[in-house]
Amino acid sequence: TPGRNLEGPLDAELRTQGALLYDWIPLVSSRNPEIYGLLDAQIHMTGSLHHLNMEGQSNVTRLHRWEQVPPSEDIPSGVFFRGHFDRIRGEAVIDGLDWTFANSRVHLTGTVSNIPTAPDLDLVVAVERSRLEDFFSLGSRLSGVTHPDEVSGRVDSLLTIQGPWNNRRLSGFGGVRDASLKTPSGSFPISDLSVQIKDGEAQFTPARIALTPGV
């Protein structure tokens, strides 16, 4: 019921089933990353057309680059989110967005202002006790570049993304624990890895791989 000046109440639900990612991504972002996948989504919208509250979830299957042969094993991927959009101010607030894939999870909160003229970001991305091999596997499917599947470990990180969309600044830290390198001759432990990100630069701590005692 729009009412005067579109301030009337809104209560709607959007559902998709088996939708193609390479149709939806260009429609939403005006960019075609050439990624294939099937999308099932359910989004509940309340408020008004000027002040829109959204909550929903989605699942993506058969995710891979469009020019690649579909992998024999699927990586289940899902997104759960809650937030609201102020159309008058051009501001989106992400109360919480959780992206899960395989046995890993990425959490996002923050705001995006000055939409759509010059988006300005103030976001926090957190990763807790996720698997390094999950990121390598997903990265291979999205980029088409083969990554080393023989490296494993637990990932923890906290990253802030701030500033204009075309000149955003990254800062934070990341670490990998219980890392190991698997080869045909055996599995070799790797010391804990960490990286500090500040002012567009990443500084890594030295890493040690125990090949044999004393080496």
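Where is the place of Arg 129? Arg 129 lies in strand S7, where helices (H or I, at least four residues) and strands (E, at least two) are DSSP runs numbered from the N terminus. The model is predicted, so local features need pLDDT of at least 70 and side-chain atom pairs count only at pLDDT 80 or more, while totals for chains, interfaces and linings use all residues. Residues are numbered from 1 along each chain as its sequence is written, and side-chain values use heavy atoms, with hydrogens and water left out.

**Overall layout**

- The protein has 2 helices and 12 strands.
- From the N terminus on, the order of elements is β-α-β-β-β-β-β-β-α-β-β-β-β-β.
- Taken along the principal axes, the C-alpha atoms fill a box of roughly 75 × 40 × 25 Å.
- Buried residues make up 29% of the 215 residues; buried means under 20% relative accessible area, exposed over 50%, and partly exposed in between (1.4 Å probe, protein chains only).
- Of the contacts with a separation of 6 or more, 42% join residues 24 or more positions apart; a contact means heavy atoms within 4.5 Å.

- Arg 129 counts as partly exposed, at 45% relative accessibility.
- Leaving aside neighbours within four places in sequence, Arg 129 is in contact with Arg 154, Val 155, Asp 156 and Arg 177.
- Arg 129 and Ser 157 are 28 residues apart in sequence, and their C-alpha atoms are 9.0 Å apart in space.

**Helix H2**

- Helix H2 covers residues 132-143, and its 12 residues should span 16 Å at 1.5 Å a residue; the end C-alpha atoms are 16 Å apart, which agrees. The expected span is 1.5 Å times one less than the number of residues.
- The buried residues of H2 are Leu 132, Asp 134, Leu 138, Ser 140 and Arg 141.
- The cover over these buried residues includes strands S3 (51-65), S5 (91-101), S6 (104-113), S7 (120-131), S8 (151-164) and S9 (169-183).
- Leu 142 is also found in H2, and at 29% relative accessibility Leu 142 counts as partly exposed.
- Not counting residues up to four places away in sequence, Leu 142 touches Ile 35, Leu 63 and Arg 65.
- Leu 142 and Ser 194 are 52 residues apart in sequence and 25 Å apart in space, C-alpha to C-alpha.
- Just after H2, Gly 144 takes a positive phi of about 80°.

- S4 and S5 pair in the antiparallel sense over 10 bridges; two strands pair if DSSP finds at least two bridges between them.
- Ser 77 has Phe 101 in S5 as its bridge partner.
- The hairpin of S4 and S5 has 4 residues between the strands, and in this hairpin Gly 90 takes a positive phi near 65°.
- S5 and S6 pair in the antiparallel sense over 8 bridges, and Thr 100 has Arg 105 in S6 as its bridge partner.
- The hairpin of S5 and S6 has 2 residues between the strands, and in this hairpin Ala 102 takes a positive phi near 50°.

**Backbone features in loops**

- Glu 34 is in the loop between helix H1 (21-29) and strand S2 (35-47).
- Glu 34 has a positive phi of about 60° although it is not a glycine, and is partly exposed, with a relative accessible area of 32%.
- The loop between S6 and S7 holds Asn 114, which has a positive phi of about 55° although it is not a glycine.
- Asn 114 is partly exposed, with a relative accessible area of 41%.
- Pro 116 is also in the loop between S6 and S7, and the peptide bond from Ile 115 to Pro 116 is cis, with omega near 0°.

**Largest pocket**

- About 2,300 Å³ of space lies in the largest pocket.
- Of the 43 residues that line this pocket, the closest to its centre are Val 28, Ser 29, Val 79, Leu 97 and Leu 108.
- On a 1 Å grid over the protein atoms alone, a pocket is an open set of points where a 1.4 Å probe fits, with protein on both sides within 12 Å along at least five of seven lines; lining residues have an atom within 4 Å of a point.
- Strand S4 (77-86) gives the largest share of the lining, 7 residues.
- By class, the lining has 33 nonpolar, 7 polar and 3 charged residues; Ala, Val, Leu, Ile, Met, Phe, Trp, Tyr, Cys and Pro count as nonpolar, Asp, Glu, Lys and Arg as charged, and the others, Gly among them, as polar.

Terms used: Points joined across faces, edges and corners; volume = space filled by probe spheres on them.
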